Amino acid sequence: TLLVFITIIAIFAPVIAPYDPNFLRPEIRLTEPNPEHWFGTDNFGRDLLSRTIWGARNSLIVGLSVALVSAISGIILGLLGGYYRRIDTPLMGVMDAIMAFPDIVLAVAIMAAIGSRIENVIVALAVVQVPRMTRVVRSLVLTIVNTQYIEAGRAIGLSDRRILLQHVLPNCISPVIVQSTFIFGLAILGEASLSFLGIGAPPYIPSWGNILGEARNFIRNAPYMMLYPGSALTITILGLNLLGDGIRDWLDPTLRRL
């Protein structure tokens, strides 16, 4: 319910938002919440409610894109690494090397190299998350390829492609879906972190990270600037985590019987 609520707000942001999120009115800067501006205004006089609503759209776009890229890349690399042993060692070496860097440090380094754009944020966060998805899929494949029905398929002459696509991949989908929901949430947090540091979304794009980054300089005089986008970020991550837990329980036969 939380996620559907945020998604509806993001989809209909142009209709719901009462003002242009980038419209400047310096004469009403740092105005506290009031009937005209429900969330108040920021240090440039922009309506915080409108910026928070538009921030939901940008955050969900980044999160969904990173989750999809990570899932597709992780499935491909995990299938290849788990099924072909000669590929496994060098591939996992690369994945381990990427995972050796702290997530935010690696994302910051990538953004510093390729520049501040929404597309680049997606690329940077996907690079960080792909190794985790790859290892999840690889661990599943290593278990599945040793089962009797896979050995039977090889015995009757099924091609590797058919075994992977028709027999191995379907058994990996459920964990991938669950993992993708958590990556979705991590990507939203990652985008907010990068934007908070000033190297994520460009300043003219309203995102929760940008709003929080600007609010830190006015936290004593205008704490509401941080309260509302921070609450929206918290609600979205909570909804995604609850969704992931619910999908995991629903897809687990042992938990479904309880």
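Helix α4 crosses α6 in a left-handed way, meaning that the near helix is turned anticlockwise from the far one by less than a right angle (clockwise would be right-handed). This is a predicted model, in which local features need pLDDT of at least 70 and side-chain atom pairs count only at pLDDT 80 or more, while totals for chains, interfaces and linings use all residues. Residues are numbered from 1 along each chain as its sequence is written, and side-chain values use heavy atoms, with hydrogens and water left out.

**α4 and α6**

- Helix α4 (residues 85–99) packs against helix α6 (residues 118–144) at about 145°, and their axes are 9 Å apart. Axes are lines fitted to C-alpha atoms over the stretch in contact, and angles run from 0 to 180 degrees between N-to-C directions.
- Helices here are DSSP runs (H or I, at least four residues), numbered from the N terminus.
- On the α4 side, the contact (heavy atoms within 4.5 Å) includes Arg 85, Asp 88 and Asp 96; on the α6 side, it includes Arg 132, Arg 135 and Arg 138.
- By class, this contact of α4 with α6 has seven nonpolar, one polar and six charged residues. Ala, Val, Leu, Ile, Met, Phe, Trp, Tyr, Cys and Pro count as nonpolar, Asp, Glu, Lys and Arg as charged, and the others, Gly among them, as polar.

**α5 and α9**

- Helix α5 (residues 103–114) and helix α9 (residues 173–197) pack at about 60°, with 11 Å between their axes.
- The two helices α5 and α9 are therefore oblique to each other (angles under 35 degrees are roughly parallel, over 145 roughly antiparallel, 65 to 115 roughly perpendicular, and the rest oblique).
- Their crossing is right-handed.
- Ile 104, Ala 107, Val 108 and Met 111 of α5 meet Ser 193, Leu 194 and Leu 197 of α9. These contact residues divide into six nonpolar, one polar and no charged.

**Pocket and cavity**

- On a 1 Å grid over the protein atoms alone, a cavity is a set of points where a 1.4 Å probe fits but cannot get out, and a pocket is an open set with protein on both sides within 12 Å along at least five of seven lines; lining residues have an atom within 4 Å of a point.
- The largest pocket holds about 240 Å³ of space. Of its 14 lining residues, Phe 5, Ile 9, Phe 39, Thr 52 and Ala 232 are the closest to its centre.
- The lining of the largest pocket has twelve nonpolar, two polar and no charged residues.
- The largest cavity has about 40 Å³ of space, and its lining has two nonpolar, two polar and three charged residues.

Notes. Grid points are joined across faces, edges and corners, and a volume is the space filled by probe spheres set on the points.
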